Amino acid sequence: MITRNCAVMFTDIKGFTSRTSETTRKGFRSLLEEHDRLLRPVFRYFGGVVVKTIGDAFLVRFDSPTDAVVCGLALQAVLKQHNAGLPPEEQIAVRVAINTGDVELQDGDVVGEPVNVAARLEAIAEPGEVWFTEAVYLTMNRKEVPTTEIGERTFKGIPRPVRVFKVLSDPPNDQIRQIDKAVRLERGVPKLEGLRDRTARAFNWRPWVAAVLVAVLLGPVTTVVGYQIWAERQAVQRIESLLEMGDTAPALRHLDELLAERAHEPEIRALGLQAARQHLAHLQERGEDPAAMRDWLRERMAEHSHLEPLRPDYIALHSRVELNAAFDSGRGNVFWQTFRDLLERYPESAEVPLIAADIQRRNRQIVETRLWPYQVLVERTGYPTDETLQADILAVATTTLERNLPASGYAQRAHELLQAGPEAELVNWTEQAFADGSGAALANSLEILARRDDPRAEVPVYQALHQLLNFQEALASMEVLQAIDEPEQGARIAEILNEARLDMAADLTPEERHQAEQLQRTLAQRWL
């Protein structure tokens, strides 16, 4: 009996039992012969040794876990070409499951727990895919094929859960496309080119030669220290490789083991921060629930002090969770009270106002609701340099000024935002509104011109309008406006007064409100 470390693969046909119950003995033999003709050449190409067949199932062993995984992928590529154009009842869909470990070779058979695990995994694998265990994942060359983690599975007779992975073949990337191109069918027989050289694995003798030389030259104590350093470096490289491939969850698990012993080392702390950042980005790309992401980050930060630079990320997640819940309540006062509470809790955060504005925008609220968050943002960080954000702030402010007269609270916030932004944007909007704007836009452009001591604001008609809208010298201003004799000017002033509804303004006396009503009616009849 010989013990050998190797990869073992199980394959079988989906729905084989039901298909055989519905076909003749001749059809049964024909299906198995076709199945063998398609799969056996692929096994041979990758150095796989067929240990045995049981009906539609193959048990194959490989010296290299990488060869086994790429072989499984090539099998699926062959079957994909074979099935193209066939009706569903004639297609062959195969499950592939792979495990690796020490097995016993007995009379041409292989036995041991790795074989049992592979058999259990094959029973739950999806047809058309290649599934494998964590043991394969950690020993294969993961640059050969894209992979993803499925999760832990518990199998009968196996004392511990098994972490399961699979080849990520949809959507196909360059590696998958290369394998597909290297596989073709000629008269129903698979032909493969260029894959074996690419996946062949030679024994990596360098670390062992180095270890032997160290042992001979420097003695056993130094050898132990040297091996420990090498092993630690290997652990770091494994984590870096996982992160490079985007496998953040397993990278974090390996990191936890390192951090338990080496949390004081700057390299390990930096790697831990990188992994946590990358994992957060991965969760966001997958559209994970912000509450779950927040809770994960909070627990992680409580355990590891080196993650303190992620505090802004935590604040952002917490703010989004709280503000989303407040918005979903359907009560505007709850949202804005929550916003106020978060501003007090995080007095320096730029994330809180940004998220509040984003929620209002995503839920298609009126643009005026973004004024306060943007005002807070500018107060805390200065006017933003991001061009997209600048454009949105400008759109919010100018739209507000086109819809709200100067005395309104909304318009006052919009004026403050415009003044904080680029001078050119303020001038451009003011010039356009003064030349072509009507109603609130013209009134707000006059407000800006007056603030800038522009001579155009001193024109008697515009000066009177500005004073009236600010409830100054109301009766005298109305007399000036009553005497307008230029049609275009009169129409614009009449439109503004109709929007202003001065006959209902609480800041005017009853007499002034009465005069305002008369003025509105007169100008409307004359010019509109």
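Here are a few notes on the cores, a helix pair and a hairpin in this predicted model.

1. Ground rules. Since this is a prediction, local features need pLDDT of at least 70 and side-chain atom pairs count only at pLDDT 80 or more, while totals for chains, interfaces and linings use all residues. Numbering starts from 1 along each chain as its sequence is written, and side-chain values use heavy atoms, with hydrogens and water left out.

2. The main core. The largest nonpolar core has 54 residues; such a core is a set of buried Ala, Val, Leu, Ile, Met, Phe, Trp, Tyr and Cys residues joined through side-chain atoms within 4.5 Å. Buried is under 20% relative accessible area, exposed over 50%, partly exposed in between (1.4 Å probe, protein chains only). Met 9, Phe 43, Phe 46, Phe 62, Ile 98 and Phe 132 have the most contacts inside this core. Helix H3 (residues 65-83) gives the most to it, with 10 residues; helices (H or I, at least four residues) and strands (E, at least two) are DSSP runs numbered from the N terminus.

3. Phe 132 up close. Beyond its neighbours within four places in sequence, Phe 132 is in contact (heavy atoms within 4.5 Å) with residues including Val 69, Ile 98, Leu 121, Met 140 and Val 167. Arg 163 and Lys 166 are also among its partners.

4. The second core. A separate core of 29 residues includes Leu 405, Leu 442, Ile 484 and Leu 508.

5. H11 against H12. The axes of H11 (residues 266-285) and H12 (residues 290-303) come within 11 Å and cross at roughly 170°. Axes here are lines fitted to C-alpha atoms, for helices over the stretch in contact, with angles from 0 to 180 degrees between N-to-C directions. The two helices are therefore roughly antiparallel (over 145 degrees). H11 contributes Ala 276, His 279, Leu 280, Leu 283 and Gln 284 to the contact, and H12 brings Met 293, Trp 296 and Leu 297.

6. Ala 275. This residue is found in H11 and is buried, with a relative accessible area of 0%. Leaving aside neighbours within four places in sequence, Ala 275 is in contact with Leu 243, Leu 252 and Leu 255.

7. The S9-S10 hairpin. Strand S9 (residues 183-186) pairs with S10 in the antiparallel sense over 4 bridges (pairing needs at least two DSSP bridges). There are 2 residues between the strands, and Arg 187 in the turn has a positive phi of about 55°. Glu 186 stands opposite Val 189. On S10 (residues 189-192), Pro 190 and Leu 192 make the covered face, whereas Val 189 and Lys 191 make the uncovered one.

Notes:
Angles under 35 degrees count as roughly parallel, over 145 as roughly antiparallel, 65 to 115 as roughly perpendicular and the rest as oblique.
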